[in-house]
Amino acid sequence: MNKEQLSSWYSILLSGLIFLHALLLFLLFWQDQVNLPWAFQLFGRFHPLILHLPIGLGVLLPFVHLLRRPLGEHAFYLSFRFVLYLTALSAAITALFGFFLSQESGFEPELLVFHQWAGLAVAWMYLLLLILFDRLLVNPFQAFIGSMVGVLLLSLAGHGGANITHGENYLMEFWQPEKEVKAPTEESVLFEGAIQPILEKKCVSCHNDQKTKGQLNMSSVAKMLQGGKHGDLWKAGDVSKSLFLQRAHLPLEHKEHMPPKGKNQLTPDEILLLEAWVKEGASLDKKIKAYPPALQISKLVARLFAIPASIEIPKREYPFSAASESDLQAVNSPFCSVYPMSSDAPALQADFYVAKRFELKTLENLSKVADQLVGINLAKMPIKDENLSLLAQFPNLEKLNLNFTEISGANLKALMSNKKLVSLSLSGTKITANQLQPLIVQLPLLKEVFIWNTGIASEQIASWKKTFPKIRWEEGFVPSDEKLMINPPILVNENFFLGPQDKVVFKHTIQGTSIHYTLDKEKEPDSLGTLITQGPIDIPAFTVVKALATKPGWLASKVVKNTFYKYHFVPDSVYLLTQAEAKWQAKGASTLKDLIQGKRDTRGLANDTWIGFQQQDADALFEFKQAKAVKGMTVSYLRKQDSNIFPPLEIEIWVGNSAKTLKKVASVKPEQPAENGGYSPQAINIPLPSGNFTHYRMLAKRIKRFPAYVKDKANPAIIKLDEVLFY
Amino acid sequence: MGNEFFKNRLNITRRHFFGKAAAGIGGLALGSLLIPKIWKGDGTDVVSSPLGLAQYAPKAKRIIYLCQNGAPSQYETFDYKPLLTKMMGQDLPESIRGGQRLTGMTASQTKFPLMGSYYNFRQHGQSGAYISDLLPNIAKIADDICIVRTMNTDAINHDPALTFLQTGAQVGNRPSMGAWMSYGLGSENKNLPAFCVLLSRGRGNGQGVYSKLWTNGFLDSTHQGVVFSSSEDPILYLNDAEGIDKQDRRRMLDHLAELNQLGFDESGDPEIQAKVQQYEMAYRMQTAVPELTDLSKEPDHIIKMYGPDCLVPGTYAANALLARKLSESGVRFVQLYHQGWDSHGNLPNEMGMQAQDVDRASAALITDLKQRGLLDETLVIWGGEFGRTNYCQGNFTPDNYGRDHHPRAYSIFMAGGGTKPGTVYGETDEFGYNVAKDPVNIHDFHATVLHLMGINHEQLTYKHLGRRYRLTDVSGNVIPGLLA
């Protein structure tokens with residue numbers, strides 16, 4: 001590219017520049033009519049990016065002078081001109097884009113105006129310098145001065161722009177100490193405590209000594225009262241005529257809305273409070289509590305100033321320095337924790353754990369941190385009277401816990417040297433009043449003594465409370481005469497089918513309780529007439545066991561009722577002589593001797609603990625390989641009238657030594673329910689005449705006629721059996 | 001996977017390096033003079049010395065949280081509202097309900113008949129606190145407790161509300177309160193877990209409790225709650241198997257630890273070390289636990305205090321007694337849950353049974369701590385996850401009714417540990433529906449509890465997935481009115 005080409009490029013650039021400036025001026029004057037298409041808005045968004053070009057180039061410009069000597073005048077002239085053109089062009093484009101961006105809302109108008117004019121000044125400045133330089137109307141020194149002026153203007157415009165993006169106090173904010181906001185209380189004056197802080201937060205940034213927009217200054221009460229261009233800020237008692245509230249209620253888009261759009265707005269709660277304050281006379285000295293409660297001023301204030309008073313954290317100074325890390329490690333053991341009370345204090349606490357691992361030398365060892373120890377917890381440790389002398393080595397001990405230790409009190413005087421003791425726990429020890437009193441007198445700082453469960457008489461404690469009113473004497477729980485009901489006995493058995501050796505076992509968790517029981521259906525096991533268990537209870541056959549617990553000083557417990565099934569013999573095999581119902585086959589004949597208790601069906605699904613008969617009676621033959629002297633049989637069956645499951649009408653027992661030589665020896669009729677009802681397992685004992693047999697037949701007949709309450713009488717009654725037991 | 005563990009370790013060692021180097025390098029002295037904290041970091045995202053200690057002198061060293069799971073009604077316990085009895089059966093004014101969302105259980109109700117308490121209220125103690133006749137034993141210690149009537153929560157159903165109450169967030173991936181305490185304050189007694197959980201179930205309508213309520217969340221798993229069994233053996237398999245003595249056990253654990261170390265060297269998974277620590281904890285528990293869980297030596301007057309059930313394993317009373325013994329032995333956080341307070345129907349009867357379970361034992365626990373000189377340093381908290389509605393769920397029948405869930409205001413109480421005794425904090429409106437004065441939301445409650453434990457809730461943090469987490473997340477204010 002030769003010189004001519006270059007300079008023709010320059011003239012094109014210059015024309016372009018002048019065009020840009022003309023456009024800028026035009027837009028500036030017809031600002032109100034401008035309606036930007038979206039593409040220009042996009043250009044606007046590039047303003048923050050490209051603004052860095054004129055800054056960089058503008059700062060570079062004066063530095064080009066450094067090249068003047070090494071390059072020679074001509075080359076300098078060309079270089080300076082080159083950079084100047086680029087600077088002027090980028091400044092103009094930046095200004096134009098800036099203008100586009102300014103058309104978006106949300107900028108603080110005052111800052112914007114400053115930035116706009118500073119930016120224009122930059123663009124014009126470089127245009128002017130360029131024209132003068134091009135026509136050789138300035139010498140290099142003047143050009144240097146000009147470029148420095150450019151840097152100055154750039155700084156101003158840049159600062160103005162930064163104020164818009166980052167906020168006005170961005171640069172200096174860390175210099176200004178944060179203002180402490182004190183939450184107002186009921187006692188505070190409403191204006192000072194709440195109204196003024198709101199105004200300060202939301203209004204004063206534009207209405208202050210430096211900046212008095214609308215000739216209004218709200219930086220002090222006196223100045224607020226002077227009002228502004230449009231008159232007084234408020235009219236006591238009349239919300240609608242109070243200017244600042246009128247402005248607050250204008251729509252946000254309205255020109256006169258306050259605070260202006262883009263600024264931090266008043267919240268609804270704040271407006272409510274301001275209104276309430278104006279309505280009540282806009283008093284400057286009325287306390288919050290003086291306002292009628294119906295206005296709920298204090299509630300509003302509480303809501304607005306939710307920041308609670310800062311929590312005071314009292315820091316105690318101790319007259320000793322912290323223990324060394326190595327000492328601390330040396331005194332710590334798995335059964336003795338020694339740790340600082342908090343990270344900001346040197347005071348230590350020592351806690352002993354696990355009585356059977358207690359070692360006296362651990363306590364002796366604490367002498368390494370004797371000065372720092374302020375609390376020792378020896379509760380339940382096997383500490384004896386003579387060991388108390390070891391505690392004398394801790395001059396700063398404040399809290400000592402000796403609960404449930406083995407001390408008798410004989411050596412309590414050993415604690416007299418622990419002058420700083422504030423809290424002393426002796427609950428559960430054998431100390432006496434005469435041993436304790438001399439010690440108390442010697443401990444000037446003592447504030448609390450715990451002597452629950454010591455045998456010291458209540459009268460004595462009452463008298464101490466009078467003699468030492470500064471000390472809190474903790475006597476603890478004194479059992480009242482109120483009699484509590486003791487809890488019922490707990491059944492130990494988990495299986496309710498008891499074999500030949502199995503017995504019913506109850507226990508009770510409270511020592512010294514008696515357990516009473518009865519096997520008699522008609523009786524209740526009251527503590528008088530019935531048997532007391534001395535151990536396991538033997539039952540002869542299927543039985544309901546009722547039991548309760550008693551203990552002197554307690555009310556008798558509720559009665560617990562449990563049903564047990566006893567068996568002495570289990571048949572070797574069992575056959576069904578009739579057909580079980582297909583859907584209630586369960587595990588077949590063996591269901592009757594599996595020793596698994598019948599369960600309730602879940603979700604209507606039949607389970608295999610019950611075997612059911614409907615089209616035929618239930619008839620089963622039990623076989624023993626060797627003849628057994630069976631005293632009786634227990635048949636357990638289900639009663640569930642609402643599903644047509646009824647007890648057998650009659651149960652017959654046949655015995656013999658082969659299947660063909662059976663003889664009927666017993667027949668019983670189980671009780672039939674008089675009313676409708678749901679799931680209820682039942683059982684009946686059937687005593688047999690004495691004799692040894694190998695074969696036993698049980699025939700359970702269905703009821704022939706349904707009671708009146710049964711609705712669906714179309715099908716025969718059902719029998720469901722769980723188990724047949726031989727006792 | 002392995003790569004992530006490796007990066008994590010690099011991260012930790014780098015931070016440690018910078019943290020340590022700062023102390024030694026004199027050339028940086030000027031810089032640290034100007035900006036004293038520049039080299040220290042804030043030490044909160046890496047486990048370092050400030051952890052394991054209270055930041056400032058704590059009022060409470062330990063917490064026993066008696067969580068009444070299912071939400072006991074405030075109207076039958078601590079928030080006396082005679083207006084509800086006066087307006088019995090009338091509709092709750094819409095202005096009071098103020099668009100409060102409803103649960104699926106009452107959303108279809110067209111009427112909200114107000115329901116007064118079935119139980120009478122009386123004033124108790126010098127504080128004159130109103131407590132219902134349902135809780136006669138708690139009423140007796142009215143001057144030892146601090147009732148908060150303006151608890152409020154964000155959730156309206158049990159699971160999110162309970163999770164919020166326990167972990168500070170409704171979603172279940174954050175550490176539980178107890179885990180934060182374990183992380184922030186460490187264990188007092190090295191032979192027991194710092195966070196123990198005891199479960200019991202009442203006869204009322206129950207709601208489930210899940211292990212996410214006592215989870216360590218993103219904290220190290222050594223901080224998770226250890227659940228005790230409700231059986232006679234609260235900690236199963238603690239005894240050595242036959243033929244194995246202490247030395248065998250020790251040798252076995254040492255070898256196991258070596259094997260685990262090999263695994264750790266390979267993958268760097270921190271969970272491996274957590275596991276090793278848990279084995280060691282279990283080993284130490286073998287000595288410490290038997291004397292704790294042996295209730296047979298409890299004297300008669302203790303049984304009378306807590307009630308006879310306290311010797312029946314798995315009951316609330318037994319758990320309350322065990323909680324006292326654990327706390328006394330330095331367990332930082334004992335968490336009880338008693339299920340069965342979700343009285344949507346048959347409320348007078350169900351609450352009666354629930355109260356029978358908890359009233360005597362809760363009061364006994366506080367009295368027992370007090371007489372041992374431990375109440376000052378033990379914070380006891382009693383309460384549910386939200387409250388119940390002031391209107392009746394379902395059809396209105398004066399003698400038998402139910403109440404639905406209500407998150408806007410409910411009552412709990414605290415005792416000891418630096419709370420202000422004999423206080424009733426906060427007021428609800430006449431209907432008991434909204435907070436009228438001094439609200440305490442769950443975050444405030446957590447902030448206050450941490451403050452009592454000597455921790456600034458804004459400073460106990462853990463960095464996870466790129467941001468620092470707190471129990472109070474991004475809110476919460478300490479409530480000065482609750483502090484003694």
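**Note on the predicted two-chain model**

1. A:N644 is found in the loop of chain A that runs between β18 (632-639) and β19 (650-656). Although A:N644 is not a glycine, its phi is positive, at about 65°. This residue counts as partly exposed, because 18 C-beta neighbours lie inside 10 Å, and the partly exposed class falls between the limits of 12 or fewer for exposed and 20 or more for buried. The model is a predicted one, and these values should be read as properties of that prediction.

2. A:A586 is buried, since 23 other C-beta atoms lie within 10 Å and the cut-off for burial is 20 or more.

3. A:P259 belongs to the loop between α11 (243-249) and α12 (268-279) of chain A.

4. Chain A contains an open sheet of five strands, arranged in the order β15-β17-β22-β19-β20 with antiparallel pairing. Its edge strands are β15 and β20 (663-668) of chain A, each of which pairs on one side only, and the twist from one strand to the next averages 20°.

5. Strand β14 (residues 560-566) of chain A takes part in pairings of both directions. With strand β9 (residues 497-498) of chain A it runs parallel, through two bridges, and here A:F497 stands opposite A:Y565 in β14(A). With strand β13 (residues 543-550) of chain A, β14(A) runs antiparallel, through five bridges, and the bridge partner of A:T543 in β14(A) is A:F564.

6. As to domains, the assignment divides chain A into domain 1 (3-166), domain 2 (190-304), domain 3 (325-474), domain 4 (490-566) and domain 5 (573-726). The C-alpha centres of domain 2 and domain 4 of chain A are 81 Å apart. For chain B the assignment gives domain 1 (2-34) and domain 2 (62-232 + 296-482), and the centres of these domains of chain B, taken over C-alpha atoms, are separated by 43 Å.

7. Helix α8 (residues 246-267) of chain B has 22 residues, which at 1.5 Å a residue should span 32 Å, and the distance of 31 Å between its end C-alpha atoms agrees with that expectation. Of the 22 residues of α8(B), the number buried is zero, so the helix lies largely in the open. The residue that follows α8(B) is B:G268, whose phi is positive, near 70°.

8. Finally, the interface: 39 residues of chain B are in contact with 38 residues of chain A. On the side of chain B that touches chain A, the elements giving two or more residues are α9 (270-293), α10 (300-306) and α12 (347-371) of chain B. The residues of this side of chain B divide into 15 nonpolar, 14 polar and ten charged.

How values were computed
Residues numbered from 1 in each chain as written. Chains lettered and ligands numbered in written order. Predicted model: local features only at pLDDT ≥ 70, side-chain atom pairs only at ≥ 80, totals over all residues. Contact = placed C-beta atoms within 7 Å. Helix = DSSP H or I, 4+ residues; strand = E, 2+ residues; numbered from the N terminus. Nonpolar A, V, L, I, M, F, W, Y, C, P; charged D, E, K, R; others polar. Expected span 1.5 Å × (residues − 1). Domains from an automatic or database assignment. Pairing = 2+ DSSP bridges. Axes fitted to C-alpha atoms, helices over the stretch in contact; angles between N-to-C directions.
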